[in-house]
Amino acid sequence: MIQADRGLNKVVPTKHPMSANAFSATSAPDNRSSLQPAPSSGNALSEFFRYHGIWAPGIRLFRAIGFRAKAMVISAMFMVPIVWLAFTYYKDKGAAVAFSAKELVGVAYAREAMPLLGALQDQRQAAMAEAVSGKPAPNGAELQASLDAAFKKLAAAEAAMGAELVTDKAYATLLAQARALPPASSGPEKVMEAHNELLAAFIALITTSTDNSNLTLDPDLDTYYLMDNSLGALPQVAESLAQMRDMSVAVISGHQPSAAFSKRIAALEVLGDLSDERWSAGMSKIATVHPTIADELGTEGAQKKLHAFHELAASSESAAKLLSAGDEALKDVLVAQDKTLAKLGELIEVRVSGLETERQITTAVLVLGLFGVWYLFVSFRKVLDGGLKEVAFHIDAMRDGDLTTRPRAWGAD
């Protein structure tokens, strides 16, 4: 309704109860959609998780990025545990390979050094015979050549592997003992003591190289006991046998032993028996993994000759017979020691080869698996892109009223 303002000659609208102008500002209608929730009075963090709970971060992230970025995020989350497991696997395998590879260094050093054990024992035998009889050994030149060759092999091994095995001090002690040997004229007991110290220095060198090459920490039952026999029990068996042979022959040949000398002979038999028991126990352990190991290494024959020598040493009055029995037994023990050490090296090489092969197979599977994941993601993206293009085409066609053509979608056959 229009009402005239007589005083001002103006026409002004009247306020009708149902007119739109009748609504006050405070009663103006809300322009927001009725589907949109009213704002909450909570804080920003609670608002973030209000509608989707724990899924809110992922949902908000994937709403904001494209397919390629989505695939990259999902792939990255899969890659985190894969990379960590691969890292720990390669680290552990690398440590295992390095550990056993260093064991092989110890085996190589021992194989180069062990010929010196027999050469030093032959040298002591000749020195004792000369000290008792006053006559030099007829094969002295041959013995010296063999000794020089053995020292030369050890020197080469020390130059090549000594720094890694930290054997320099033990090697220097051995050389010092070799230079300090007394002449045969010093008497059998002094000669015997000096040569025993030289052999002890050699065994200490072998022990040092064994400890520093991880061999004493070998993780497998068979190789551990092969190590213990070849580098622990058998050198002790051989040395106690050789000492007992030389000292017993000296007494039978006319040397009047001191109380300490006689006591040492009795102790050597006990020491030999203990080392033999250690050897037998080790062979029993190895046989649980390699049933034919005794025949392969020839241990039974060597032990029979060792036991026969011990029985002969307790009753024989023939120096020649005792010397011959001792030489045969010692020869077989040293042969068994060499075969045992060779078997140890062979099994450790197999272990290292197996670890490296396993690592290579794992690498191949990992690479092929990751390549397959990448290939399938790319294929899926191409199919999805093709489907979206086809949907978009149909939408445009329906808008234009043209449905006569159809594009070939990516990935469609």
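Analyst: Start with Thr210. Its relative accessibility is 4%, so Thr210 counts as buried. Buried means under 20% relative accessible area, exposed means over 50%, and partly exposed is in between, with a 1.4 Å probe and protein chains only. Thr210 is found in helix α7. Helices (H or I, at least four residues) and strands (E, at least two) are DSSP runs, numbered from the N terminus. Leaving out residues up to four places away in sequence, Thr210 touches Leu215, Thr216, Met227 and Leu231. Contact here means heavy atoms within 4.5 Å.

A word on the source. This is a predicted model, in which local features need pLDDT of at least 70 and side-chain atom pairs count only at pLDDT 80 or more, while totals for chains, interfaces and linings use all residues. Residues are numbered from 1 along each chain as its sequence is written, and side-chain values use heavy atoms, with hydrogens and water left out.

Now go on to Asn214. Asn214 lies in the loop between α7 and α8. At 16% relative accessibility, Asn214 also counts as buried. Its phi is positive, about 75 degrees, although Asn214 is not a glycine. Most residues other than glycine have a negative phi. Val166 is another residue with a positive phi, near 55 degrees. Val166 sits in the loop between α5 (140-165) and α6 (168-179).

Next, look at how α7 packs. Helix α7 (residues 188-211) packs with helix α4 (residues 115-133) at an angle of about 175 degrees, and their axes are 9 Å apart. Axes are lines fitted to C-alpha atoms, for helices over the stretch in contact, and angles run from 0 to 180 degrees between N-to-C directions. The two helices are therefore roughly antiparallel to each other. Angles over 145 degrees count as roughly antiparallel, under 35 as roughly parallel, 65 to 115 as roughly perpendicular and the rest as oblique. On the α4 side, the contact includes Leu116, Leu117 and Leu120. On the α7 side, Val191, Leu199 and Phe202 are among the residues that take part. By class, this contact has 13 nonpolar, 4 polar and 1 charged residues. Ala, Val, Leu, Ile, Met, Phe, Trp, Tyr, Cys and Pro count as nonpolar, Asp, Glu, Lys and Arg as charged, and the others, Gly among them, as polar.

Not counting residues up to four places away in sequence, Phe202 touches Ala113, Met114, Leu116, Leu117, Leu120 and Leu174. In the largest nonpolar core, of 72 residues, Leu116, Leu174, Phe202 and Trp279 touch the most other members. Such a core is a set of buried Ala, Val, Leu, Ile, Met, Phe, Trp, Tyr and Cys residues joined through side-chain atoms within 4.5 Å. Helix α8 (residues 221-252) gives the largest share of this core, 13 residues.

Helix α8 also meets α4. Their axes come within 10 Å and cross at roughly 10 degrees. That makes α4 roughly parallel to α8. Among the residues that meet are Leu117 and Met128 in α4, and Pro235 and Ala238 in α8. This contact has 7 nonpolar, 3 polar and 4 charged residues.

Finally, confidence. The protein averages a pLDDT of 86, and 86% of the residues score at least 70. pLDDT is the predictor's confidence in each residue, from 0 to 100. Over residues 1-29 the pLDDT is below 50.
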